[in-house]
Amino acid sequence: MTPPRRQPARRRGTAFGRRAVLATVPVAVAALVGAAAPAGTGTAGAAGAGDPYFPLSGNGGYHVRHYDLTLRYRSGGRLTGTAVLTARATQPLTRFDLDLKGLTVDGVTVDRTAATAVERSGQELVVTPRHALRAGHDFTVTVRYHGTPKPVTDPDGSADGWIPTDDGAFVANEPQGAMTWFPANAHPKDKSSYDFTITVPRGRTAVANGVLLGQRTAGGETTFRWRETQPMAAYLATATIGTFQVHRYTTRDGIQVYDAVDPREAETAAPVLAKLPSVLEWESKLFGPYPFTSAGSIVDHADVGYALETQTRPLYDSAPGLLTLVHESAHQWYGDSVSLTSWKDIWLNEGFATYAEWLYSEQHGGASAQKTFDALYARPADDGLWAYPPGDPGSGENIFGTPVYDRGAMALHELRKTVGDPAFFRILRAWATGHRDGHGTTAQFVRLAEKESGKRLDPLFHTWLFTKGKPNRG
């Protein structure tokens, strides 16, 4: 996410009838095979995935392999949806939760049989299947729902999720907004493939993740079918709706690009979006092969205050600057393909994407990374940059603050100086390729850096990621 989020003035505008495809996802769950659980046995799935900052985000007891979302949006903001989740129980289950907030549930089935009970408890949709689910059992959950989605307010006061606009919706879910428009296991630890079928009034465009399979107009409505086959966290899904100018092409590397731009932003956005192929090519040389088969941009006219790295197709609330494009594109490696296991480790997303901006500037005639580092380090000890350590922001209120972005990038620059460029760029590439389609933690990154460099790096990371206040320079 950028400019960084909640501080848009600082960087905005800088120079710089189908068959579901089920993803094989390397998630942090056990591969369980168990005997059938007799009726009445088993346990309830946890109401959250155990995240310290967002304890109710995600759910325990199952992994969603695939989401098939069928949505109909009508002028005025009303949404009707059917979500079919293909999941696997990771423990015996007598009931389980889904994250869903503010929409009316019309019916729930588990394996095509009506659930015995469906209850609402805050953001939790609690489902009791007619028969207990054994560990290792593959099952489907179908949820029919309707309503007028509204965004959720994050701990820092910002909005995310389904955010209404004057011609549709800006749909940006980080960190907890997915539950505002579809039932989900909404934590980055659970990654899935997706199908989207989105019907909108004629003249509007619905843009989601992955590849556009087709569109059809009939009866005053247009239906768009999208598919993302590679694993994706729920917060990276989108179904943004608006009046867009669409540009489609294929890069020389075979990446299918789909740009959707609000006409009010088109003139300003055009020269920046034209650089996307060269930006992806440059990042591929540094970070490893681009991790997806499609790319592009959604440029809305939304005045939301941030951009988001929605998988394969970053979402901008207005025409982005070049470094904003670089930042969100870098997230396709760091944050999207390699995902978090805890929001506490958000620097692995934002510090890396911010350092990509520094590198791009350095290699394209702008300030060197060292000059950028020095300018930041010159800030006084009471500056907000040093308010909390990036490796331990303390709460969800802080995960999109300056220390996570800039001090996170400073930690990477200190690593680069310590190990040298050859080892540093090996580390960046190994992190992206070794954890592709999966997850990573700060501890794993430290171990990788030590392995690739042959140096003991705990003191460096302790100083730059976990020390309160302004660190002393070594």
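Q: Why does Asp374 count as partly exposed?
A: In this predicted model, Asp374 has a relative accessibility of 32%. Buried would need under 20% and exposed over 50%, so Asp374 falls in between and counts as partly exposed.

Q: What makes the pair Asp374 and Arg473 a salt bridge?
A: The closest N and O atoms of Asp374 and Arg473 are 3.1 Å apart. The cut-off is 4 Å, so the pair qualifies as a salt bridge.

Q: Why can you say that this pair ties parts together?
A: Look at where the two residues sit: Asp374 is in helix α6, while Arg473 is in the segment after α10.

Q: How do you know that the buried residues of α6 are on the same side?
A: The buried residues of α6 are Ala369, Phe373, Leu376 and Tyr377. They cover an arc of only 95° around the axis, and that is why they share one side of α6. As a rule, residues three or four places apart in an α-helix point the same way, because there are 3.6 residues a turn.

Q: What does the face of α6 turned away from its buried side carry?
A: That face has the exposed residues Lys371 and Ala375. As for the buried residues of α6, they pack against α5, α7 and α10.

Q: What puts the buried residues of α10 on the same side?
A: Helix α10 spans residues 458-466, and its buried residues are Leu460, Phe461, Trp464 and Leu465. Here, too, the arc around the axis is only 95°, so they lie on the same side of α10.

Q: Which helices do the buried residues of α10 pack against?
A: They pack against α5 (347-363), α6 (369-377), α7 (402-419) and α9 (442-453).

Q: Which residues have the most contacts inside the largest nonpolar core?
A: They are Phe96, Trp181, Phe182, Phe196, Leu415, Phe445 and Phe461. The core has 139 residues, and its largest share, 9 residues, comes from α5.

Q: How do you know that Asn349 is buried?
A: Asn349 has 1% relative accessibility. Buried means under 20%, so Asn349 gets that label. Asn349 is part of helix α5, and leaving aside neighbours within four places in sequence, the residues in contact with Asn349 are Tyr235, His331, Tyr334, Gly335, Val338 and Leu340.

Q: What makes Glu414 and Lys417 a salt bridge?
A: Their side chains meet at 2.8 Å, N to O, and the limit is 4 Å, so this one passes. Both residues belong to helix α7 and are 3 residues apart, about one turn of the helix.

Q: How many salt bridges does the structure hold?
A: There are 15 salt bridges in the structure.

Q: What makes β1 and β7 edge strands?
A: Strands β1 (43-44) and β7 (117-121) each pair on one side only. They belong to an open sheet of 4 strands in the order β1-β4-β8-β7, with mixed pairing.

Q: How do you know that β1 pairs with β4?
A: Pairing needs at least two bridges, and 2 bridges join β1 to β4 (residues 93-99), so the two strands count as paired. These strands run parallel, and Ala44 stands opposite Arg95 in β4.

Q: Why is Leu69 called buried?
A: Leu69, in strand β2 (residues 62-73), has a relative accessible area of 0%. That is under 20%, so Leu69 is buried.

How values were computed
Residues are numbered from 1 along each chain as its sequence is written. This is a predicted model: local features need pLDDT of at least 70, side-chain atom pairs count only at pLDDT 80 or more; totals for chains, interfaces and linings use all residues. Side-chain values use heavy atoms; hydrogens and water are left out. Buried means under 20% relative accessible area, exposed over 50%, partly exposed in between (1.4 Å probe, protein chains only). The arc is that of the directions from the helix axis to the C-beta atoms. Contact means heavy atoms within 4.5 Å. A nonpolar core is a set of buried Ala, Val, Leu, Ile, Met, Phe, Trp, Tyr and Cys residues joined through side-chain atoms within 4.5 Å.
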